[in-house]
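Open the model in your viewer and keep the selection tool ready. We will go from stop to stop.

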Amino acid sequence: MKVTEHLNQAKKTLFSFEILPPLKGQSLNEMLDGISPLMDFNPPFIDVTYHREEYVYKKHANGLLEKVSTRKRPGTVGICAALMNRFKVDAVPHILCGGFDKEETENVLIDLNFIGVENVLALRGDAPKSEGRFIPEEGGHSYSNELVQQIVGMNHGKYLHEETETGFQTDFCVGVAGYPEKHFEAPSFKFDLKYLKAKVDAGAEYIVTQMFFDNKKYFDFVKQVRDAGITIPIIPGLKPITTLRQITVLPSIFFLDLPDQLMDELEKCKDNAAVRQVGIEWAIQQSKELIDFGVPCLHYYTMSKASTVHKVASAVF
């Protein structure tokens, strides 16, 4: 079933979450067992992130550099199949511009369609740490609206090496990302909305937001999005803070603000256990307020660790 169908048929706010595929060498069953408790809250869909490979350059005795892959996560297609088979839910794989050319994108979409995946989240993706800025793959997409166009084109039977449209059509519901606090590369919030509208005009059917910790940022974002003429559902993304390190890491990585009231409580914390409790209580408060606002779904970034989100969901759903 499509994400938009789940949202349209729901009589109350839905629960969903996002997982990270395990690193190479780690167990898929361990990951599935880890998120199993979250199935208590009947998520209709689960997002599966994708992280491009990361590289280092090894210098040899002759002075030549060798590009070596240091981080790789196993195939999105297999993980989606495992989720759908074990939990009978819809899997929503992330499809990236970064690290893929158009042909590789087409091939993975064909495979996902073959196993019955009906939803994808189209993202540009981040730049590798070694590059500092986003550089599109040769023969790939520079922007996520171009990726949306390719996916929607396949829904109409349009393929890269076909001179005419074929009878073989995919049927993907396409989601995209939204940024309540502005994408850090956008020159202004107005231009960020322009980019978002370009994705919607290309065929995106719903929006999932970057994490935020101040609900007012989300409420203002929704108003500005609606004023821009965008009418598709906007799903808020939430993440409970769980460690002292995240207090500085999350704002620097995701370019977001932590509200003064939250920081006042976090500053009192002496260890990660205290931080985790504050993070859970803040996320519960956020969730309840967002449900009162009438959001269609609450989407939690779990980092594949269920216990914290389970505590939040137990108090909310």
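Select E138, which sits in the loop between β6 (119-123) and α5 (144-155). Helices (H or I, at least four residues) and strands (E, at least two) are DSSP runs, numbered from the N terminus. This is a predicted model: local features need pLDDT of at least 70, side-chain atom pairs count only at pLDDT 80 or more, and totals for chains, interfaces and linings use all residues. Residues are numbered from 1 along each chain as its sequence is written, and side-chain values use heavy atoms, with hydrogens and water left out.

Is E138 buried or exposed? E138 counts as exposed because its relative accessibility is 76%. The terms: buried is under 20% relative accessible area, exposed is over 50%, and partly exposed lies in between (1.4 Å probe, protein chains only).

**Next: strand β7**

Select residues 173-178, strand β7. Six of its six residues are buried. C173, G175 and A177 point one way, while V174, V176 and G178 point the other way.

β6 pairs with β7 in the parallel sense over four bridges. Two strands pair if DSSP finds at least two bridges between them. N119 has C173 as its bridge partner in β7. Strand β8 (residues 206-211) also pairs with β7, parallel, over four bridges. Here G178 is partnered by T209 in β8.

**Last stop: strand β10**

Select residues 297-301, strand β10. Strand β1 (residues 14-19) pairs with β10 in the parallel sense over five bridges. Find F15: its bridge partner in β10 is L298.
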